[in-house]
Amino acid sequence: MAATSVLPLHQPGPADLAVRFDAVTVERGGISILDQVSASVPKGSCTAIIGPNGAGKTTLLLALLGEISYQGRIHMGNNGAPPRIGYVPQRLSFDRGMPLTVSEFLAMGFQKKPLWFGIAKALHQRSREALELVKAGHLASRKIGALSGGELQRVLLALALRQEPELLVLDEPSAGVDFRGELIFCELLDNLRRSQGFTQLMVSHDLATVTHHATHVICLNRKVAAEGPPRLTLTGDNLTAIFGMHMGLVSSRSMPDNRAVCSAPCCQERTNA
Ligand SMILES: Nc1ncnc2c1ncn2[C@@H]1O[C@H](COP(=O)(O)OP(=O)(O)OP(=O)(O)O)[C@@H](O)[C@H]1O
């Protein structure tokens with residue numbers, strides 16, 4: 001597949017960057033997953049990594065989180081000190097019959113000692129505050145296994161925000177969430193990012209979300225095909241190069257605030273749903 005060259009659109013200095021991937025290379029089972037990936041995440045940005053299935057997006061996040069080994073370098077933070085990182089995973093496997101309330105689930109993440117020693121009242125209060133922050137205070141006494149996809153997503157966000165992260169990493173935050181739920185979640189994230197000042201790095205398959213919310217985009221398909229502001233990066237040529245099919249972005253009058261949406265048939269169906 002032809003890859004376009006990296007666009008020289010955004011040339012921030014090191015002090016402006018929350019993360020810099022420098023020739024990151026990952027091989028798993030003898031197969032090349034990431035090949036010399038160099039890209040930047042501007043400080044305070046909402047940076048989206050886009051690319052087709054199997055492009056290595058999750059792998060890049062796992063390398064950043066120190067969960068897998070890689071060649072190359074990943075620079076984070078200004079003064080050599082690693083930033084506080086919050087992480088919202090793509091999916092969470094757990095026993096849906098687990099007899100835990102949302103408040104207890106969050107308290108488990110907050111407290112150092114095992115749950116069977118009981119949960120301090122103050123931690124329940126902290127859980128409630130964490131839920132209020134993501135506009136999910138009403139979920140505190142619900143069973144964690146009974147939550148919908150969108151509700152669980154908010155709880156995981158509350159958990160990720162507990163340490164006041166400087167870098168919030170989200171792997172497909174809108175997977176399994178309907179269009180309206182996704183819109184609300186992304187707006188919540190935008191507001192939190194502005195009020196708390198963290199940098200947001202997310203993997204997304206939804207080009208409408210990326211167009212509307214991201215301030216910086218990394219187009220990845222094993223290598224970086226393009227990088228820069230969405231308006232200049234999400235061109236028909238770049239999208240065709242990484243997704244291998246003709247794609248473009250169209251403007252839709254039927255959308256709130258006339259935002260751009262992806263013209264690919266799957267996105268059109270989703271948008272019109
Ligand atoms: N543990 C592993 N061992 C071998 N190959 C792996 C392993 N984990 C992932 N891969 C392969 O690495 C490639 C990239 O996977 P990754 O999950 O990073 O892609 P992705 O871009 O996040 O995909 P998706 O959009 O489908 O979530 C895939 O081909 C996958 O099969």
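1. In helix α1, the buried residues are Lys57, Thr59, Leu60, Leu61, Ala63 and Leu64. Here, buried asks for 20 or more other C-beta atoms within 10 Å of a residue's own, with C-beta atoms placed from the backbone. That makes α1 mostly covered, at six of its eight residues. Helices are DSSP runs of H or I, at least four residues long, numbered from the N terminus.

2. Before you read on, please note that this is a predicted model, in which local features need pLDDT of at least 70 and side-chain atom pairs count only at pLDDT 80 or more, while totals for chains, interfaces and linings use all residues. Residues are numbered from 1 along each chain as its sequence is written.

3. Around the ligand you will find Arg28, Gly29, Ile33, Gly51, Asn53, Gly54, Ala55, Gly56, Lys57, Thr58 and Thr59; a residue is near a molecule if its C-beta atom, placed from the backbone, lies within 6 Å of it. Helix α1 (residues 57-64) gives the most to this shell, with three residues.

4. After α1 comes glycine 66, which has a positive phi, near 75°.

5. On confidence, the protein chain has a mean pLDDT (the predictor's confidence in each residue, from 0 to 100) of 82, and 80% of its residues reach 70 or more. Over residues 1-10 the pLDDT is below 50, yet this stretch has 28 contacts in the model beyond near neighbours in sequence. A contact means two C-beta atoms, placed from the backbone, within 7 Å.

6. For the model scores, ipTM is 0.96 and pTM is 0.83.

Methods
Helices (H or I, at least four residues) and strands (E, at least two) are DSSP runs, numbered from the N terminus. A residue is buried if 20 or more other C-beta atoms lie within 10 Å of its own, exposed if 12 or fewer, and partly exposed in between; C-beta atoms are placed from the backbone.
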